[in-house]
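I am opening a notebook on a structure that is new to me. I will go through its sheets, helices and a few single residues.

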Amino acid sequence: MLLEVRDLHVEFHTRDGVAKAVNGVDYSVAEGETLAVLGESGSGKSVTAQAIMGILDMPPGKITGGEVLFKGQDLLKLKKEERRKIRGQEMAMIFQDALSSLNPVVTVGQQLGEMFTVHRGMSRKDARAKAVELMDRVRIPAAKERVGNYPHQFSGGMRQRIMIAMAMALEPSLIIADEPTTALDVTVQAQVMELLAELQQEFRMGLILITHDLGVVADVADKIAVMYAGRIVESAPVHDLYKAPAHPYTKGLLRSIPRLDQKGRELYAIKGLPPNLLRIPPGCAFNPRCPMAQDVCRTDVPPLYEVERDRRSACHFWKETLDAR
């Protein structure tokens, strides 16, 4: 297995108390596999990714338990310098806001070339040539002429391609893409996802795709992990989950996707709001919003029940949820 996250816990210590952002997350990614991590804002998707990459702000963030095994090595036990060597060369991350992630006063060619001067010891001339090659690979037109341009001179879609090029520069084994299509129009979203899929196939990378948009991942993911209040509430192969969700929260997310055959109807929305992580409700965290909630849901935290092979659901009534489809 390329990456295994085991019982990961992350807390944020604030003036108002301790926010439990990640509460025992388990997931894995194999070589060449795509895992989509879904959930509303505040569910712990990005914090989990930051903990894996070793870029969590500490303090106030603190990893309080668990393991992050990358090629069998626990990253949480490594020193900062050892993790820095893995970051970029073995693991890379694509952030959702390319404009704020790129340095506005440095040309994109210099930012791409820096990967090679720092990690590969290349000369500036050779690094610039590699930057042009990368820009060509991610289909930026007139790469030779545009390598000296600044981030603000590119469109949102082109900037995202530059972010992908930076992540791909050293041909890592694992890429984490955190909301890579946010704020892009539908056509550009499709182009970016197609590009990611092609590059993944070419280099046999593992890919973790973090998103709140189920429509984006339907055609690219192999399996899905749905997060709520810092926990995985359902994990399954992508087609099984779309065909028949085994958790009421997943079912609600799927119902909220706009459909062509429901034109003119009011779009479904899950009632209520995600919980305050400083005061997560007892029992199942989803119980205040769940249409199937019963007394046991308000007192007992549901374990991840095994629905079938490679499929789990953290719901006391997962069988009834499946039957109700």
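Predicted model: local features only at pLDDT ≥ 70, side-chain atom pairs only at ≥ 80, totals over all residues.

**Entry 1, the eight-stranded sheet.** I looked up the strand order first. 8 strands form an open sheet, running E6-E7-E8-E3-E9-E10-E12-E11, and the pairing is mixed. Which strands stand at the edges? They are E6 (91-94) and E11 (305-308). Each has a single partner strand, so one side of each is left without a neighbour in the sheet. I read an average twist of 25° from one strand to the next.

E7 (residues 174-178) and E8 (residues 206-211) pair in the parallel sense, over 5 bridges. I followed Ile 176 across and found its bridge partner in E8, Ile 208. Helix H8 (residues 186-203) packs on this sheet. H8 touches E3, E6, E7 and E8. Its direction makes about 160° with that of E8.

**Entry 2, the four-stranded sheet.** This one is also open, with 4 strands in the order E2-E1-E4-E5. Here the pairing is antiparallel. The edges are E2 (17-29) and E5 (73-74). Each of these has a single partner strand, so one side of each has no neighbour in the sheet. I checked E1 (residues 3-14) against E2 and found antiparallel pairing over 10 bridges. Leu 3 stands opposite Val 29 in E2. Helix H1 (residues 45-53) packs on the sheet and touches E1, E2 and E4 (61-70). The direction of H1 makes about 110° with that of E1.

A reminder to myself on pairing: strands of a sheet pair through backbone hydrogen bonds, either parallel or antiparallel.

I took H7 first. The axes of H4 (residues 108-119) and H7 (residues 156-168) come within 9 Å and cross at roughly 20°. That makes the two helices roughly parallel. Their crossing is right-handed. On the H4 side I list Val 108, Gln 111, Leu 112 and Met 115; they meet Ile 162, Ala 165 and Met 166 in H7. By class, that contact has 6 nonpolar residues, 1 polar and no charged.

Next came H5 (residues 124-137). H4 and H5 pack at an angle of about 115°, with their axes 8 Å apart. They are therefore roughly perpendicular to each other. H4 passes H5 in a right-handed crossing. Val 108, Gly 109, Leu 112, Gly 113, Phe 116 and Thr 117 in H4 meet Ala 127, Lys 130, Ala 131, Leu 134 and Met 135 in H5. I count by class 7 nonpolar, 3 polar and 1 charged residues in this contact.

Is H11 (residues 248-255) mostly covered or mostly open? It is mostly covered, with 6 of its 8 residues buried. The buried ones are Pro 248, Tyr 249, Thr 250, Gly 252, Leu 253 and Leu 254. What covers them includes H9 (214-217), E9 (223-228), E10 (231-237), H10 (238-243) and H12 (318-323).

Glu 33 is found in the loop between E2 and E3 (34-38). Buried or exposed? Glu 33 is buried, because its relative accessible area is 18% and buried means under 20%. Beyond its neighbours within four places in sequence, Glu 33 is in contact with Ser 28, Gln 200, Met 205, Gly 206, Leu 207, Asp 222 and Lys 223.

Glu 40 sits in the loop between E3 and H1. With a relative accessible area of 21%, Glu 40 is partly exposed. Its C-alpha atom is separated by 8.0 Å from that of Met 227, 187 residues apart along the chain. Leaving aside neighbours within four places in sequence, its contacts are Lys 45, Tyr 228, Tyr 249, Pro 274 and Arg 289.

Most residues other than glycine have a negative phi. I looked up two with a positive value. Ala 142 has a phi of about 50°. It lies in the loop between H5 and H6 (143-146), and at 43% relative accessibility it counts as partly exposed. Glu 179 has a phi near 50°. Its place is the loop between E7 and H8. Glu 179 is buried, with a relative accessible area of 8%.

Technical notes. Residues numbered from 1 in each chain as written. Heavy atoms only, no water. Axes fitted to C-alpha atoms, helices over the stretch in contact; angles between N-to-C directions. Parallel < 35°, antiparallel > 145°, perpendicular 65-115°, else oblique. Left-handed = near helix turned anticlockwise from the far one by under 90°. Contact = heavy atoms within 4.5 Å. Nonpolar A, V, L, I, M, F, W, Y, C, P; charged D, E, K, R; others polar. Pairing = 2+ DSSP bridges. Buried < 20%, exposed > 50% of the residue type's maximum accessible area, 1.4 Å probe, protein only.
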